[in-house]
Amino acid sequence: MHEMAIAEGILDIALDYAKANNAHKINEIGLLIGEMSGVEVDSLNFSFNMLTQGTIAEGAELKIKNVPLMGKCSKCGKEFHIEHYDFWCPECENGVLTTLSGREMQVEYLEVD
Ligand SMILES: [Zn+2]
């Protein structure tokens, strides 16, 4: 399951961070999730809650920030919010958009005690 692997990755990062900072509790984890990352927030929360049981991250809250899918035209250089999976430039109509953001899944910050 995709989300389970992601939740494991997040927990690893959080535990490493807690250890490096001598923290005994992880309270909150800020995440950046791109529109196109394909991550399902509900199942990510579910997986995370399951994995963190019995760890210092138990009860930690995932604060998820969605990152819009942004593209830049290879021809005119214009930047757009890509909608409806339309990867053609709406300005010059024959430029191809390359994605700038929206595919990421990363930990933005951690709050520990
Ligand atoms: Zn263009």
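Which strands does helix H1 (residues 2–20) lie across? I looked this up in a predicted model, in which local features need pLDDT of at least 70, side-chain atom pairs count only at pLDDT 80 or more, and totals for chains, interfaces and linings use all residues. I note that residues are numbered from 1 along each chain as its sequence is written, and that side-chain values use heavy atoms, with hydrogens and water left out.

I found that H1 lies across S1, S2 and S6, running at about 40 degrees to S6. Helices (H or I, at least four residues) and strands (E, at least two) are DSSP runs, numbered from the N terminus; axes are lines fitted to C-alpha atoms, for helices over the stretch in contact, and angles run from 0 to 180 degrees between N-to-C directions. I then noted that helix H2 (residues 41–52) packs on the sheet and touches S1 and S2 (contact means heavy atoms within 4.5 Å), its direction making about 155 degrees with that of S2.

Next I turned to the sheet, which is open and has three strands in the order S2-S1-S6 with mixed pairing (two strands pair if DSSP finds at least two bridges between them). Strands S2 (61–67) and S6 (105–112) are at the edges with a single partner strand each, so one side of each has no neighbour in the sheet. I recorded seven bridges in the antiparallel pairing of S1 (residues 26–34) with S6, and Val-112 in S6 as the bridge partner of Ile-26.

Last, I checked His-2, which is found in helix H1. Leaving aside neighbours within four places in sequence, His-2 is in contact with Ser-37 and Gly-38.
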